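Please look over the sequence and the structure shown here before reading the report.

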Amino acid sequence: MATDQTPLVSIDKLRVEFRGEDGPIVGVEDVSFTIAPGETVCVVGESGSGKSVTSLSLMRLVEFGGGKITGGRLSFSLNGKQIDLAQTGSETMQAIRGDEIGMIFQEPMTSLNPVFTVERQMTDGLRVHRGMSRSQARERALELLRQVRIPEPERRLGQYPHELSGGMRQRVMIAMAMACEPRLLIADEPTTALDVTIQAEILALIDRLKRDTGMAVLFITHDMAVVAQMADRVVVMYRGRLVEEGPVERIFAAPQEAYTRKLLAAVPRLGEMRGKPAPEPMRLVGEEPARAAPPPADAVPDPLLQVSNLTTRYPVKGGLFRRTVANVHAVEDVSFEIGRGQTLALVGESGCGKSSCGRSILRLSEPTSGEILLDRTDIRALSARDLRRRAWRDMQMVFQDPFASLNPYMRLRDQVAEPIRNYRIETGGGVEDRVADLFDRVELPRAFMSRFPHELSGGQRQRVAIARALAVNPKLIIADEAVSALDVSVQAQVLNLMMELQAELGVSYLFISHDMAVVERVAHRVGVMYLGRLVEIGTRQQVFENPQHSYTKSLLSAVPVADPTQRTIREDLKFRPIPSPVFPLDHTPAPSVYDAIAPGHRVLRGDAGLGAD
Amino acid sequence: MSYLLNRLFSMVLTLFLISAITFAVTNILPGDVAMMIMGTQSNPEALAGLRESLGLNDPLLVQYGRWIGGMLTGDWGTSLVFKEPIAPLLLQKMTASGLLVLFSMTIALTCAIPLGVWAAVHANRWQDTAASSTAMLGVSLPDFFWGIMLILLFARGLGWLPSSGFVDPADDFGGAVRHALLPSLALGLGLMAHLTRMTRATMTGILNQEFIRVARAKGLNESTVVWRYGLANAVGPVMTVAGLQIGYLFGSIIVIESLFNYTGMGWLTYQALLNRDIPLIQASVFVIAAVVMLSNLIVDLLYAVVDPRIRLS
Amino acid sequence: MKVPAAFRSAKGIVGALVVLTVLAVAILAPLLIPADWATRMDMRARLAPPSWAHPLGTDQLGRDLLFRVLLGAQTSIFIAVAAVMMSIVIGLPLGLISGYVGRTTDNVLMRLVDTLLSFPALLLALTISAVLGPNLQNTIIAIGIAFTPFLARIIRGEALRVAQMPYVEAARTAGNSDWRLITLHVLPNIMPAVIVQATISLAFAILAEAGLSFLGLGTQPPDASWGLMIQASRDYLDRAPWTALVPGAAVAMTVLGLNMFGDALRDALDPRARGEA
């Protein structure tokens, strides 16, 4: 990049404090870096690193969140002069916001005003900064919508945010931020809330706009893979301080600081498992390697779980008397099996039915039809009483949100002891010993047994949830996005724990996840779901190295790789929006028909009306 | 359209339930209409005759059927105390009370919304503390206490306004307003305090939303951000709360109208309750519940007007 | 365990102090003050303004307002507490069942509750009291019934929310029966909301008792309640405004204390309601 230019922004020893109950809390301290014109700087860090605070300080929006810039300079080059944004008055700041600096945020669902039309929200900035008339502003808004490739821009202007999909809203947000051709675009986790295919489109769009307009981009993210795809330079932050800064290739190839090395090590890279037969633990710098890894998958002569033609539909109620007016086809004619001591991963984007599938197997959601055999026990034939007594004795679940999956008013000891007592695994003093054993197993100190959930971190809670699931010695654990809410280093630790437990106890996992790179490391077999159907299933190597279904291919092509030398995010990526799974009552979907590609590798024939081509 | 039909059907069902509850509650009364008409000292034979002719010996379900039939056909019976047909009486009193509800709601909303927004903008600073504390005090005082204070100050002390009575707006509009002002204020002050608290809470929530940050990031000035972007989102929730308060108002109105001798619906209901005028109790309790339910329905429909998320779904 | 947070704000401390003071008065006054001090008539000092002999003045019968208001606390507080307890005893199981069981049970129960909510609470209480005949016990029943639908609605909403939490589902797969699920996992998690609502309902119940008694359809003499004292003062407002102001201030102070404490409690128990980023 052009380093001889004067920087557009230079942040010097920034310090931000927040009002706390016991005096000020430091949000960011001693942070200095620069952004050159036309350059993309990625600020990366885990939660609590102060990365968002830094970007909000630049906009001076941090003050609206109770923060205060208490030190340092924020030099910004305006009309050839350097001004210090930290000292600028509110009127000048208003003139700069939206004009010189544009900003997009994380949540496309909440970042547009729900009661105003798209037109009104897109034009008010133009009218303030450019003094445009209503019709001029409308023309410009149309031009912007075309620039961000939104179909039917005229119609969009009259629509309200809730009428647009998440990806579409984020495009509108970007168009809004681009309205006055800012010289700096701040993107604060702009793709975190989006599905991977939409993320790929949005990343490609930001990259193209940057090249077309020559603006600089300050990109805030927690995702190293996104950094590798987007950044020219990288700033790594940890607990409010800058850890390391440098060109993206250097940071990934030769990280200087221990924290950066640890962060990078914990990130799985799609494709790095090529040619390996068995799952492998995650790398963790500075910690002992995992005790054991799961064995390779053998053929499945005597599967633990057999799911055949599973279908789950949820009624949509409406009209008079709250009758059922339509059905959500959450899971549609899905069949697979899981071998003993093995992991089957179900992957797909939000709404594809992977979670419903897991819940249906446990009958937390009641399936509409199909067969579920666990160790030859017909789960669907069980009465509610036997379901509790027998099925859940063998199958347990670990939920996504570590903050919601433990009862906040019950001691951890009692929560883990509940299944032991209820299923009479142990009685009397044996219960306490078993709980202590389980805490050892999930590598939590026994002192935590008498604590309440709020005294633990997210990763620790997820360990407790795993201990509770293990309490009954289950044959199968259904892990529904069990590590998705965790920071990357914690995620790696929990994944390694799960793999160790599998190697030692021979437990099987149904691992439900949207993260292809994580799945590649942990799964023996992989099933890809789309719109309630299983479109492809096979061993990990079959699905990742020889994908057959068009949807599997496009999904894999959309995953950002955590390697700056492999930039796969391209402008020509174009994905179909996922259609609605709501069908009228009389709709009879065609059965799923599969072609066998190789032993164990099945692909849904045609697209079964899925439209993923 | 199906939304509207749905709501209308639900409304009819609720009205039916309201009538059933009203009838059930009033029939627990010891003594009956015949006793009320003839007095306790009356001749038992005559009493039995009257009972028979009024149909009081029929099963309760039949009596209920007859009553609801009358309500539907406009024959609401005759008040035992006022010796008048009930329907026109209620209509007239409802108009008087409608004036109070209208006045107090207007007073409350015009003050509460700016005050609540102002408090939310200055959340957790002295402006907020001042506004919130005042509002807290406001919701803690009984309505009739407000009424007594107002009478002491404006009627007895300053002598600006009458402390008692009702004037029909059709006869003397100025007089009607002067007589309605103090009771409206007494109703409106507590309501205002409540709505201020609600507006503040709603606006505080809205001002912490992402789209407000986005509006600021666009370079809009703070007053546009708060009063256009913010308030536009608060209108629906505040309106809903205000609508729910109509029910509360119709409770308070009983106390306030008695205090001010303002002969509206509340006063009438109170007279009916004191004198155990069963047909009048039944009719007025039913009418008040129906009016409350209808006003909530109207607020729900208005919500759909201000919020495109409901309008377009 | 989070409850002490309610005492961290000035609002919570002041509110708690006021509530405790009023409770202490309600409990101790009848033990320390002979009952006849409140009924002893001083015919030479009728409607007397506050003085050394009568610090808060006297009423139309020359009775000392200080003693009357102190002894009246017992009746007002007792009615409010009993009425709110009654509405919890009825509303809690109703709301829990409706929210936890769902389906038709929920539809039917909530249709009924919504209909009851169309009746203004005070009107409902007045009607019930008039029907049953006004006295202390029936005042409690009237207010208790009138408040039940509110409580049932709120508890139902909470139960619905909690029943869908992953920890309840996890507890279900941990082999717990419905009874254990409700009592060990759902109930403890809706209690904060119930406590907050109970505190605020207490405030409303005191206002309702005052309103009922003011209209003569609540507490009846010789029981002395604050509402009754205000009612008695109506005819003497011109000559002796303190006869209304003294009990009015007692009501206002108690309700204010309860509201402040309830607010602080809600802020502490529900971070969503907090006005902070």
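The report below goes through the confidence of the model, the fold of one chain, two contacts between chains, and some local features.

## Confidence in the model

This is a predicted model, and the predictor gives the complex an ipTM of 0.85 together with a pTM of 0.85. In chain C the average pLDDT is 84, and 93% of the residues reach a score of at least 70. Among the elements of this chain, helix H2 (residues 36-39) of chain C has the lowest mean pLDDT, 70, while the highest, 93, belongs to helix H7 (residues 166-173) of chain C.

Where pLDDT is low, the predicted coordinates should not be read in detail.

## The fold of chain A

Chain A contains 19 helices and 23 strands. Its radius of gyration is 26 Å, close to the 25 Å that the globule rule gives for 613 residues, so chain A is as compact as a globular protein of that length. Taken along the principal axes, the box filled by the C-alpha atoms of chain A is roughly 75 × 55 × 50 Å.

Of the 613 residues in chain A, 51% are buried. If one considers the contacts in chain A between residues at least 6 apart in sequence, 69% of them join residues that are at least 24 apart.

## Where chain A touches chain C

The contact between these two chains takes 22 residues from chain A and 16 residues from chain C. On the side of chain A, helix H12 (384-394), strand S16 (395-398) and helix H13 (412-422) of chain A each supply at least two residues, and the largest share, three residues, comes from H13(A). Sorted by class, this side of chain A has 12 nonpolar, six polar and four charged residues.

## Where chain B touches chain C

Here 40 residues of chain B are in contact with 36 residues of chain C. The elements of chain B that give two or more residues to this side include helix H1 (2-26), helix H6 (126-140), helix H7 (143-157) and helix H12 (278-306) of chain B, and the largest share, eight residues, comes from H10(B). The residues on this side of chain B divide into 29 nonpolar, 10 polar and one charged.

## A bent helix in chain B

H10(B), which gives that largest share to the contact with chain C, has 38 residues, yet its end C-alpha atoms are only 45 Å apart, short of the 56 Å that a straight helix would reach at 1.5 Å a residue. The same helix has a kink of about 50°, centred on Leu231(B).

## Two residues with positive phi

H10(B) is followed by Asn261(B), whose phi is positive and near 50°, although this residue is not a glycine. Asn261(B) lies in the loop between helix H10 (222-259) and helix H11 (265-275) of chain B, and it counts as partly exposed because it has 14 C-beta neighbours inside 10 Å.

In chain A, Asp375(A) also has a positive phi, of about 50°, without being a glycine. Asp375(A) is found in the loop between strand S14 (369-374) and strand S15 (377-378) of chain A. With 15 other C-beta atoms within 10 Å, Asp375(A) is partly exposed.

Technical notes: Residues are numbered from 1 along each chain as its sequence is written. Chains are lettered from A and ligands numbered from 1 in the order in which they are written. This is a predicted model: local features need pLDDT of at least 70, side-chain atom pairs count only at pLDDT 80 or more; totals for chains, interfaces and linings use all residues. Helices (H or I, at least four residues) and strands (E, at least two) are DSSP runs, numbered from the N terminus. The radius of gyration is taken over C-alpha atoms; the globule rule is 2.2 Å times the number of residues to the power 0.38. A residue is buried if 20 or more other C-beta atoms lie within 10 Å of its own, exposed if 12 or fewer, and partly exposed in between; C-beta atoms are placed from the backbone. Two residues are in contact if their C-beta atoms, placed from the backbone, lie within 7 Å. Ala, Val, Leu, Ile, Met, Phe, Trp, Tyr, Cys and Pro count as nonpolar, Asp, Glu, Lys and Arg as charged, and the others, Gly among them, as polar. pLDDT is the predictor's confidence in each residue, from 0 to 100. The expected span of a helix is 1.5 Å times one less than its number of residues. The bend at a residue is the angle between axes fitted to the seven residues ending there and the seven starting there.
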